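Okay everyone, thanks for coming. Let me put the structure up, and then I'll talk you through what I'd look at.

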Amino acid sequence: MSLEGVKEENVTSKFEDWTCEVKIHNVEEKNYRFFIQKLHKVIDPDACRIIIKPKRIIISLRKLEEEDWKELYFKEDKVKVTDEYCIYINGFIISVFLLS
């Protein structure tokens, strides 16, 4: 199965101070969800966005304060990131970029 060709109307996103959620609906009759319950630090929800490309969804998270994040998740979750955090679902890439 491939998630290639996902349409913008099938993707929803919700950004809050500490959370990020992206849902992909009705892809070959299946739904997908990318969710971070508690980010490492607070983000600016109004400045966050998603970009849908033919083979990738880019999630841009805008940090509220300009500082280095050593992790994407709140430190208890221990998921490390550098510049980009990627999730692969059957060849489809969901990327998360942290912007200062």
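Before we start, one cut-off: a residue counts as exposed when its relative accessible area is over 50%, and as buried when that is under 20%. Also, keep in mind that this is a predicted model.

So, what is it built from? There are seven strands and zero helices in the protein, which gives the pattern β-β-β-β-β-β-β along the sequence. Of the 100 residues, 36% are buried. The accessible surface is about 6400 Å², with carbon and sulfur atoms taking 44% of that. And if you take contacts between residues at least 6 apart in sequence, 53% of them link residues at least 24 apart.

How far can we trust it? The mean pLDDT is 80, and 71% of the residues reach at least 70. Strand β1, residues 11-15, has the highest mean of the elements at 95, while strand β6, residues 84-89, has the lowest at 59.

Now for the backbone. Most residues other than glycine have a negative phi. N26 counts as exposed, because its relative accessible area is 53% and the cut-off is over 50%.

Then there's E28, in the loop between β2 and β3. E28 isn't a glycine either, and its phi is positive, about 50°. Buried or exposed? Exposed, because E28 has 51% relative accessibility.

Definitions and conventions:
Residues are numbered from 1 along each chain as its sequence is written. This is a predicted model: local features need pLDDT of at least 70, side-chain atom pairs count only at pLDDT 80 or more; totals for chains, interfaces and linings use all residues. Side-chain values use heavy atoms; hydrogens and water are left out. Buried means under 20% relative accessible area, exposed over 50%, partly exposed in between (1.4 Å probe, protein chains only). Helices (H or I, at least four residues) and strands (E, at least two) are DSSP runs, numbered from the N terminus. pLDDT is the predictor's confidence in each residue, from 0 to 100. Contact means heavy atoms within 4.5 Å. Accessible areas come from the Shrake-Rupley method with a 1.4 Å probe; for residues, only the protein chains shown count as cover.
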